[in-house]
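Subject: Structure handover

Hello,

Here is the structure I promised you. Please open it alongside this note; my findings follow below.

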Amino acid sequence: MQIKAKLLDENSIRRTLIRLSHEIIEKNKGVSDIALVGIKTRGVPIAKRIAEFIKQFEGVEVPVGILDITLYRDDLTEKYEDPKINDTKIDFDIKNKKIILVDDVLYTGRTVRAALDAIVDIGRPKSIQLAVLIDRGHRELPIRADYVGKNVPTSLSEIVHVHLNEIDGEDVVLIAEK
């Protein structure tokens with residue numbers, strides 16, 4: 001793997017998540033009935049950070065859930081020989097909530113499609129919105145994010161790597177050649 005560029009460093013990730021938090025508050029005219037659901041793996045710490053910023057700005061704790069979409073993937077057999085099933089943990093009723101799905105990178109849209117299926121199996125929210133740190137294009141499904149940290153046009157031979165302190169020990173977003 002050859003690193004081509006650093007897209008975001010620790011400070012720019014922080015600033016981006018602050019901006020996304022403000023956009024979520026503004027678009028929803030506050031935070032009543034909002035819940036964040038992070039898509040495993042890196043969507044979870046991003047959702048928790050956004051929730052923390054919202055708490056700082058609005059003084060309200062927004063619930064955060066964890067969504068494992070492994071069994072909902074349409075490429076399960078070709079991508080994962082022995083899939084590891086992690087628990088979905090949503091400790092609140094999603095009915096009549098505005099669910100904001102949170103992920104690190106939006107690419108083909110297949111992860112988001114799987115997340116939508118998983119959410120609907122849990123219950124029927126008032127609405128579902130999507131927040132992503134990076135949108136790299138190359139959609140295969142008609143899915144778009146409501147909140148985008150950074151649009152990064154990429155080639156199909158490139159990979160976007162998001163590293164977060166909670167998982168990887170550092171905050172950085174890199175672009176590399178496959």
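Start with Thr-108, which counts as buried because its relative accessibility is 14%, and the cut-off for buried is under 20%. Note that this is a predicted model. Thr-108 sits in the loop that runs between β4 and α4 (110–122). Its side chain reaches the backbone nitrogen of Arg-110 at 3.2 Å. Beyond residues up to four places away in sequence, Thr-108 touches His-138, Arg-139, Glu-140 and Leu-141.

His-138 deserves a look of its own. His-138 is in the loop between β5 and β6 (147–151). It is not a glycine, yet its phi is positive, at about 70°. Its relative accessible area is 30%, so His-138 is partly exposed.

Asp-33 is another non-glycine with a positive phi, here about 65°. You will find Asp-33 in the loop between α1 and β2. With a relative accessible area of 36%, Asp-33 is partly exposed.

There is also a cis peptide bond to check. It joins Lys-40 and Thr-41, with omega at about 10°. Thr-41 belongs to the loop between β2 and α2.

Now the helices. α1 covers residues 10–27, 18 residues in total. From first C-alpha to last, α1 reaches 26 Å, close to the 26 Å expected at 1.5 Å a residue. Asp-9 caps the N-terminal end of α1. A side-chain oxygen of Asp-9 lies 3.2 Å from the backbone nitrogen of Asn-11. Just after α1, Lys-29 takes a positive phi of about 50°. The buried residues of α1 are Ser-12, Ile-13, Thr-16, Leu-17, Ile-18, Leu-20, Ser-21, Ile-24 and Ile-25.

α2 (residues 43–58) has 16 residues. Its first and last C-alpha atoms are 22 Å apart, close to the 22 Å expected at 1.5 Å a residue. Just after α2, Gly-59 has a positive phi of about 70°. Buried residues in α2 include Gly-43, Val-44, Pro-45, Ile-46, Ala-47 and Arg-49. Ile-50, Ala-51, Phe-53 and Ile-54 of α2 are buried too.

What covers the buried residues of α2? The cover includes α1, β2 (34–39), β3 (64–67), β4 (98–106), β5 (127–135) and α5 (165–168).

How do α1 and α2 pack? Their axes come within 9 Å and cross at roughly 65°. The crossing is right-handed. On the α1 side, the contact is made by Ile-13, Arg-14, Leu-17, Ile-18, Ser-21, His-22, Ile-24 and Ile-25. On the α2 side, it is made by Ile-46, Arg-49, Ile-50, Phe-53, Ile-54, Phe-57 and Glu-58. By class, the contact has ten nonpolar, two polar and three charged residues.

Last, a charged residue in a strand. Glu-158 lies in strand β7 (residues 158–163). Setting aside neighbours within four places in sequence, Glu-158 is in contact with Lys-4, Arg-136, Pro-153, Ile-175, Ala-176, Glu-177 and Lys-178.

Best wishes

Technical notes: Residues numbered from 1 in each chain as written. Predicted model: local features only at pLDDT ≥ 70, side-chain atom pairs only at ≥ 80, totals over all residues. Heavy atoms only, no water. Helix = DSSP H or I, 4+ residues; strand = E, 2+ residues; numbered from the N terminus. Expected span 1.5 Å × (residues − 1). Buried < 20%, exposed > 50% of the residue type's maximum accessible area, 1.4 Å probe, protein only. Polar contact = N/O pair within 3.5 Å; in protein donor to acceptor, adjacent residues only side chain to side chain. Axes fitted to C-alpha atoms, helices over the stretch in contact; angles between N-to-C directions. Left-handed = near helix turned anticlockwise from the far one by under 90°. Contact = heavy atoms within 4.5 Å. Nonpolar A, V, L, I, M, F, W, Y, C, P; charged D, E, K, R; others polar.
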